[in-house]
Amino acid sequence: MSQFRPAKRRVEVSVGDSVRILRELQELSQNQLSKLTGIPQTTLSAIENDRVRLGVERAKVLARALRCHPAVLVFPGWDVEQQSAA
């Protein structure tokens, strides 16, 4: 693993932004994601606009549907180098 270096944060991304970005990268509409997860479309919209907190259980459900680790959604701005230096 020493040949790899941790990614650095380039832009500030909120939890809602991370959900929206991953959804759009997979070319899913909010309605499609709603059907995959059982989370109402209005709730997905509120999450993406940071009006509703994501929460751990919703993060797990969304992560399964978006094929990513829940931490990617919950901690979008986490910097490995900064955290390990603390």
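**Briefing: a predicted helical chain and its core**

R23 is found in helix α1 (helices, H or I of at least four residues, are DSSP runs numbered from the N terminus). The model is a predicted one, in which local features need pLDDT of at least 70, side-chain atom pairs count only at pLDDT 80 or more, and totals for chains, interfaces and linings use all residues. Residues are numbered from 1 along each chain as its sequence is written, and side-chain values use heavy atoms, with hydrogens and water left out.

**Confidence**

- The protein chain has an average pLDDT of 86, pLDDT being the predictor's confidence in each residue on a scale from 0 to 100.
- A score of at least 70 is reached by 81% of the residues.
- Over residues 82-86 the pLDDT stays under 50, and the model has two contacts for this stretch beyond four places in sequence (contact means heavy atoms within 4.5 Å).
- Where pLDDT is low, the predicted coordinates should not be read in detail.

**The nonpolar core**

- The largest nonpolar core has 14 residues, and those with the most contacts inside it are V19, L33, L44, L54, L62, L66 and L73.
- At least two residues of this core come from each of α1 (15-25), α3 (41-48) and α4 (56-66).
- The helix that gives the most to this core is α4, with five residues.
- A nonpolar core is a set of buried Ala, Val, Leu, Ile, Met, Phe, Trp, Tyr and Cys residues joined through side-chain atoms within 4.5 Å; buried means under 20% relative accessible area, exposed over 50%, and partly exposed in between, with a 1.4 Å probe and protein chains only.
- Leaving aside neighbours within four places in sequence, L73 is in contact with V15, S18, V19, L22, L54, A59, L62, A63, L66 and C68.

- R23 counts as buried because its relative accessibility is 8%.
- Beyond its neighbours within four places in sequence, R23 is in contact with L28, S29, Q30, L33, E48 and L66.
- S34 is found in helix α2 and, at 15% relative accessibility, counts as buried.
- Not counting residues up to four places away in sequence, S34 touches I39, P40, Q41 and L44.
- S34 and A65 are 31 residues apart along the chain, and their C-alpha atoms are separated by 9.7 Å.

**Helix α3 and its cover**

- α3 is mostly covered, with six of its eight residues buried.
- The buried residues in α3 are T43, L44, S45, A46, I47 and E48.
- Their cover includes α1, α2 (30-37) and α4.

**The crossing of α2 and α4**

- The axes of α2 and α4 come within 10 Å and cross at roughly 110°; axes are lines fitted to C-alpha atoms, for helices over the stretch in contact, and angles run from 0 to 180 degrees between N-to-C directions.
- α2 and α4 are therefore roughly perpendicular to each other, a term for angles of 65 to 115 degrees.
- L33, L36 and T37 of α2 make the contact with V61, L62, A65 and L66 of α4.

- Most residues other than glycine have a negative phi.
- D50 is not a glycine, yet has a positive phi of about 55°.
- D50 lies in the loop between α3 and α4 and counts as partly exposed, at 45% relative accessibility.
- R67, also a residue other than glycine, has a positive phi near 55°.
- R67 is found in the loop between α4 and α5 (70-74) and is exposed, with a relative accessible area of 67%.

Terms used
Angles under 35 degrees count as roughly parallel, over 145 as roughly antiparallel, 65 to 115 as roughly perpendicular and the rest as oblique.
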